[in-house]
Amino acid sequence: MNRLRSSAFDGAWINHTATEEVDPRFADLDAWSLTSAMEAMWEGQLAAVAAIGHALPAITAATEAAKAALGDHGRIVYVGAGTSARVAVQDGAELMPTFAWPSERVRFIVAGGDSAFVTSIEGAEDDVDDAVTQIDAARLTQHDVVIAVAASGTTPFTVAALQQAGSFGAVTIGVANNPGTALLASAKFPILIETGRELIAGSTRMKAGTAQKVVLNLISSGIMLRLGRVYRGMMVNMQPTNAKLKRRAEAMVAQIAHCDPSHAARWLEQAEGDIKTAGLLALGFDRVDAETILKNCDGNLRRVFAELVKDRDRHPKGATARKQGGAVEP
């Protein structure tokens, strides 16, 4: 094992891991009434979410760095083992249907491989060599963003993967639930969520897992906000692949262009399901102009409307005519 990796597992890093300790308050949880136990577990979930508040500045900084790095080709790479890996996979898998994030721009580095998504692979989280092998195979660059998650903050696979990712210049984000751990020390952007002891000692699928899910939601959604894949609270990059999503897309086009939903359906069909293009068609642009202005504004609809307002103010008499009663809004 080389120095890069061995330092991660030096005893100095094995600090106080509250997530593994029995909480005296809940030592007899199994003897409580189910009603009382449910209340205690629910309160634990609330406390887990509340613990994230202190980390919001770190989460924001990591998100800004991720957005800046990704550009047009960078990937979001999730790393984890066991429960943390499955939480990470859930977040990453939702980027495609929600934001139309390209599938080739999401990657999962998981201890034990794909089979570990639904089963426990013994010894996988200790396999440092596999972590390095998987990272090397990903061929990372400085445009990639690697998000590594481990409740303990000491999982050998996850720490080694993050360290190796850093050697390629990737943006590295570490999310852990215990302070003073190797994962946080190895990340360019460490995010500590101190959720403390679990009601069931070591069951990090509970408080720690809940906090991890929220943090990953914040990071990934924040990236998509900054990349213009959300407009006025709507997921405007979504692809209408079924009846429900088609109705949702039509409603978005109607709201963007202030047109009748029945007209929105026609524009959406002409735009081959692209919501942003359909919105501009409904406002009177032809297909070529709509696609051109979107490309010039990096697909950011808010920037499109800001540019249109500037153009209208500069050339009020030559402003482009609008159809269906549409209005240009910044």
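Okay, so let's start with a crossing: α6 and α7 cross in a right-handed way. Keep in mind that this is a predicted model. Helix α6 covers residues 128–138 and helix α7 covers residues 156–167, and the two pack at about 35 degrees with 8 Å between their axes.

What meets what there? From α6 you get V128, D130, A131, V132, Q134, I135 and D136, and on the α7 side they meet P156, F157, A160, A161, Q164 and A165. Sorted by class, that contact comes to 9 nonpolar, 2 polar and 2 charged residues.

Right, on to the pockets. The largest pocket holds about 560 Å³ of space. There are 26 residues lining the largest pocket, and the closest to its centre are L227, R229, K276, D298 and G299.

Now the second largest pocket, with about 450 Å³ of space. Here 25 residues do the lining, and A81, G82, T83, E125 and T155 are the closest to the centre. Which elements give two or more residues to this lining? Those are α4, residues 82–93, and β3, residues 145–150. The largest share comes from α4, with 4 residues. By class, the lining of the second largest pocket splits into 8 nonpolar, 12 polar and 5 charged.

Last stop, α9. This helix runs over residues 207–226, so to speak, 20 residues in total. From the first C-alpha of α9 to the last is 29 Å, close to the 28 Å expected at 1.5 Å a residue. Then, just after α9, G228 takes a positive phi of about 80 degrees. While you're in that stretch of chain, remember L227 and R229: both are among the residues closest to the centre of the largest pocket.

That's my tour, thanks.

Notes:
Residues are numbered from 1 along each chain as its sequence is written. This is a predicted model: local features need pLDDT of at least 70, side-chain atom pairs count only at pLDDT 80 or more; totals for chains, interfaces and linings use all residues. Side-chain values use heavy atoms; hydrogens and water are left out. The expected span of a helix is 1.5 Å times one less than its number of residues. On a 1 Å grid over the protein atoms alone, a cavity is a set of points where a 1.4 Å probe fits but cannot get out, and a pocket is an open set with protein on both sides within 12 Å along at least five of seven lines; lining residues have an atom within 4 Å of a point. Grid points are joined across faces, edges and corners, and a volume is the space filled by probe spheres set on the points. Ala, Val, Leu, Ile, Met, Phe, Trp, Tyr, Cys and Pro count as nonpolar, Asp, Glu, Lys and Arg as charged, and the others, Gly among them, as polar. Axes are lines fitted to C-alpha atoms, for helices over the stretch in contact, and angles run from 0 to 180 degrees between N-to-C directions. A crossing is left-handed if the near helix is turned anticlockwise from the far one by less than a right angle, and right-handed if clockwise. Contact means heavy atoms within 4.5 Å.
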